[in-house]
Amino acid sequence: MEMDSGNLGGHIMRRYDEDLEAIRTKVLTMGGLVEESIREAMRALRDGDHALGEKVVRDDYRVNLMEVEIDEDCQSIIALRQPAAGDLRMVIAIIKTITDLERIGDEAEKIARMASRLSGTGGVSRRHTSGVQHLGNQVLQMVRDSLDAFARLDVQAALNVVRADESVDSEYDAILRTLMTYMMEDPRQISAVMDMVWCARSLERIGDHAKNICEYIIFLVKGKDVRHISLEQMEIQAHAGS
C-alpha cells in the first residue's frame with residue numbers, strides 16, 4: 001500500500017524521536033554502570049577488598065565501550081537527521097555528558113586500584129578513611145542526582161547538584177588538612193595516607209564531572225551556556241524566561 005507524504009513525514013519524525021530517546025536511555029544505562037563502579041570502589045576501599053577492587057578495574061571497559069557506542073549513535077543522528085535547535089542541543093549535551101561519565105569511570109577505577117594496593121599493605125585505619133568514605137557518599141549522591149536531572153530534564157534539580165559541589169569542595173579541603181595531620185603524627189603511614197589523599201582527589205573530580213553534566217542539562221533546556229560562571233549567575237540564567 002502506498003503511503004502518502006503526510007503519513008511518511010509523521011513516520012519519519014516518530015522514528016527520529018524514538019532514535020533520540022533510545023540514545024538518552026543508553027546514557028542513563030552508562031550512568032548506572034558508573035554509579036556501580038563508584039559504589040564498589042568505595043566498598044573495596046572501606047573493606048580492604050582486593051578482589052572487588054580488581055573487579056572494578058576489569059569492568060571499566062564496559063563504560064568505555066558504551067561511550068564509543070553512544071558517540072557513534074550521535075554521529076549517525078547528525079549525519080542522517082541534521083538536527084537543529086533543541087534536538088541539536090540534545091545531541092551536543094549527550095556527547096559532552098558521556099565524556100564526563102567516562103571520566104567518572106576512570107576516577108572510580110583509580111580508587112579501586114588504590115583500594116587493591118592498600119589491601120596488600122594492611123590498609124589504613126578507619127580513623128583515616130572515615131572522612132573519605134563520607135565524601136564518597138556525597139559524591140555518589142551527586143552523580144545519582146545529576147542522572148536523575150538528565151532523565152527528567154529538570155533544571156532546578158541540576159542547580160541543586162551544582163550547589164552540592166561547593167559543599168564537596170569544602171569537605172575535600174578539610175579532608176586534606178586532616179590527612180596531612182595524620183602523616184605528621186606517624187611518618188610510617190605516609191605512603192598509605194597519600195593513597196587516601198589521591199582517593200579524595202578522585203572523588204572531588206567526580207563531583208566536578210557531575211556538576212559539568214548538570215551544566216549541560218541547563219544548556220539543553222534553556223539554550224544558555226552556563227560554564228565558568230558563578231552559581232548565582234547560573235541561577236539567574238537558568239530561571240530567565242521561566
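Biologist: Is A85 buried or exposed?

Modeller: A85 is exposed, with a relative accessible area of 55%. Buried means under 20% relative accessible area, exposed over 50%, and partly exposed in between, with a 1.4 Å probe and protein chains only. First, the ground rules. This is a predicted model, in which local features need pLDDT of at least 70 and side-chain atom pairs count only at pLDDT 80 or more, while totals for chains, interfaces and linings use all residues. Residues are numbered from 1 along each chain as its sequence is written, and side-chain values use heavy atoms, with hydrogens and water left out.

A85 sits in helix α3. Helices (H or I, at least four residues) and strands (E, at least two) are DSSP runs, numbered from the N terminus. A85 has a positive phi of about 50°, although it is not a glycine. Most residues other than glycine have a negative phi. Q82 also shows a positive phi of about 50° without being a glycine. Q82 belongs to the loop between α2 and α3. At 65% relative accessibility, Q82 is exposed.

α2 and α3 pack at about 170°, and their axes are 8 Å apart. Axes are lines fitted to C-alpha atoms, for helices over the stretch in contact, and angles run from 0 to 180 degrees between N-to-C directions. By class, the contact of α2 with α3 has 14 nonpolar, seven polar and eight charged residues. Here Ala, Val, Leu, Ile, Met, Phe, Trp, Tyr, Cys and Pro count as nonpolar, Asp, Glu, Lys and Arg as charged, and the others, Gly among them, as polar.

Two glutamates deserve a look. E69 lies in α2 and is partly exposed, at 36% relative accessible area. E107 lies in α3 and is buried, at 9%. Leaving aside neighbours within four places in sequence, E107 is in contact (heavy atoms within 4.5 Å) with S202, R205 and I206.

Next, the core. The largest nonpolar core has 73 residues, and those with the most contacts inside it are I38, L45, I70, I94 and V132. A nonpolar core is a set of buried Ala, Val, Leu, Ile, Met, Phe, Trp, Tyr and Cys residues joined through side-chain atoms within 4.5 Å. The elements giving two or more residues to this core are α1 (5-47), α2 (50-81), α3 (85-119), α4, α5, α6 (190-222) and α7 (231-239). α6 gives the most, with 15 residues. Take L45. Setting aside neighbours within four places in sequence, L45 is in contact with I111, A115, L118, V132, Q133, M196 and C199.

The axes of α4 (residues 126-152) and α5 (residues 155-185) come within 10 Å and cross at roughly 165°. α4 and α5 are therefore roughly antiparallel to each other. Their contact has 14 nonpolar, six polar and six charged residues.

Last, the whole chain. It has seven helices and zero strands. Its C-alpha atoms fill a box of roughly 80 × 40 × 20 Å along the principal axes. Buried residues make up 43% of its 242 residues.

Conventions: Angles under 35 degrees count as roughly parallel, over 145 as roughly antiparallel, 65 to 115 as roughly perpendicular and the rest as oblique.
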